[in-house]
Amino acid sequence: MSNNNWESFVRRVEPYVPGEQPTGTDVIKLNTNENPYPPAPAVRKTLDDFNCGRMRLYPDPDSSVLVNAIAEYYNISPSRIFVGVGSDDVISMAFLTFFCSDKPVIFPDVTYSFYDVWADVYRIPYQVKPLREDFTIDPEDYKCENGGIIFPNPNAPTGVLESVEMIEDIVKANSDSVVMIDEAYIDFGGESCLPLIDKYDNLLVIQTFSKSRSMAGMRIGFAMGNENLIKYMNDVKFSVNSYTMNHLTQLCGAEAMKDKAYFRETTDRIIATRERSKKRLGELGFTFTDSKSNFIFASHKKKTASEIFNKLKERKIFVRYWNKPIIGNHLRISIGTDDEMDRLFAALEEIVNE
Ligand code: PMP
């Protein structure tokens, strides 16, 4: 045994566990809410035209091309947009920037399982608030003293969408703390609370290119809010790493944002597949929330979630399952192509009738 004591000073944390990324060609991957369709065609062209010699230079630290494309799409000033390496990076920066009080940050007990990890790694106190039986949020739970608020809308992994009115009620009641709405899945039929940033200087709306824009592998996320909020986030970002977003990503992201027609076509297709999937899952004996995201959170009336999960995996169909209280009998099934969903339903039909 050594006498060295360095391990007493290690920042220890229980890390977030991302969904499995199985390899192989005959796999049906419905476990990490990726988009089943490729990115907009202009992204392909950007890759083809890319001047590799440009790589010798550092990228634009302000990611202006990308920020301007997002600003144009949403018709807001670029000074109200912060971009990062996936919304995980954006939310992590936002935690570091705004959740800096001794009071606890609050979020739901069933939610994105990265929030408590960021709170732990940054030593931020937090408190979870139980969802109601139907997995909705009780806004009254968010009207107590707190050091900040975050939840996804629609929530993950439940897919439940809350109204803009309800969110406004929470934002209004919390003028002394920053309220973050994680809109990772908002483009699949939800109403964004983005217009509220004109009215409230304590609201940060966070979105991603990973789901509705088919670019999980590129890692692009962004936050929109009052100019002052964005300035504070950039101050922290530039104190950690100026060059978070690489040059190629900035170009591809900007092109993806410009193609509105492709975006609408692919998200509409996913919504249609989701609604058809709900019908079929119902026929197979599943119950589920009325998801407004690109996944369905379902449990079966007779078979346990863990049994179904394992039997699907044997058939190389991957969905997400958490062996955790409250959600331990649910599966989160990402919406794939119609063909992938049909193959899932064929497998489920066998499994539930065994
Ligand atoms: N928020 C929620 C609710 C999510 O489900 C995810 C996806 N894991 C993210 C944020 C992060 O997505 P990304 O970093 O790919 O933008």
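Biologist: How much space lies in the second largest pocket?
Modeller: This is a predicted model. Its second largest pocket holds a space of about 200 Å³.

Biologist: Which residues are the closest to the centre of the second largest pocket?
Modeller: Its lining has 13 residues. By class they split into 4 nonpolar, 3 charged and 6 polar. The closest to the centre are K103, N146, G147, D176 and S177.

Biologist: Where does the largest pocket lie relative to domain 1 and domain 2?
Modeller: The space in the largest pocket is about 1,100 Å³. Domain 1 (20–39 + 261–352) gives residues to the lining, and so does domain 2 (41–46 + 57–258). The largest pocket therefore lies between them.

Biologist: Which residues of the largest pocket lie nearest its centre?
Modeller: The lining counts 46 residues. Among them are 24 nonpolar, 12 charged and 10 polar. At least two residues each come from α3 (86–98), β3 (105–108), α4 (115–121) and β4 (126–129). Nearest the centre lie Y16, Y112, S113, F114 and R320.

Biologist: What is the volume of the largest cavity?
Modeller: Searching the whole structure with a cut-off of 30 Å³ or more gives 1 cavity. The volume of the largest cavity is about 50 Å³.

Biologist: Which helix supplies the largest share of the lining of the largest cavity?
Modeller: The lining includes R213, D259, Y262, F263 and T266. Its classes are 5 nonpolar, 3 polar and 2 charged. Domains 1 and 2 both contribute residues, so the largest cavity lies between them. The largest share, 3 residues, comes from helix α8 (residues 260–283).

How values were computed. Residues numbered from 1 in each chain as written. Predicted model: local features only at pLDDT ≥ 70, side-chain atom pairs only at ≥ 80, totals over all residues. Heavy atoms only, no water. 1 Å grid on protein atoms, 1.4 Å probe; cavity = no way out; pocket = protein on both sides within 12 Å on 5 of 7 lines; lining within 4 Å. Points joined across faces, edges and corners; volume = space filled by probe spheres on them. Helix = DSSP H or I, 4+ residues; strand = E, 2+ residues; numbered from the N terminus. Nonpolar A, V, L, I, M, F, W, Y, C, P; charged D, E, K, R; others polar. Domains from an automatic or database assignment.
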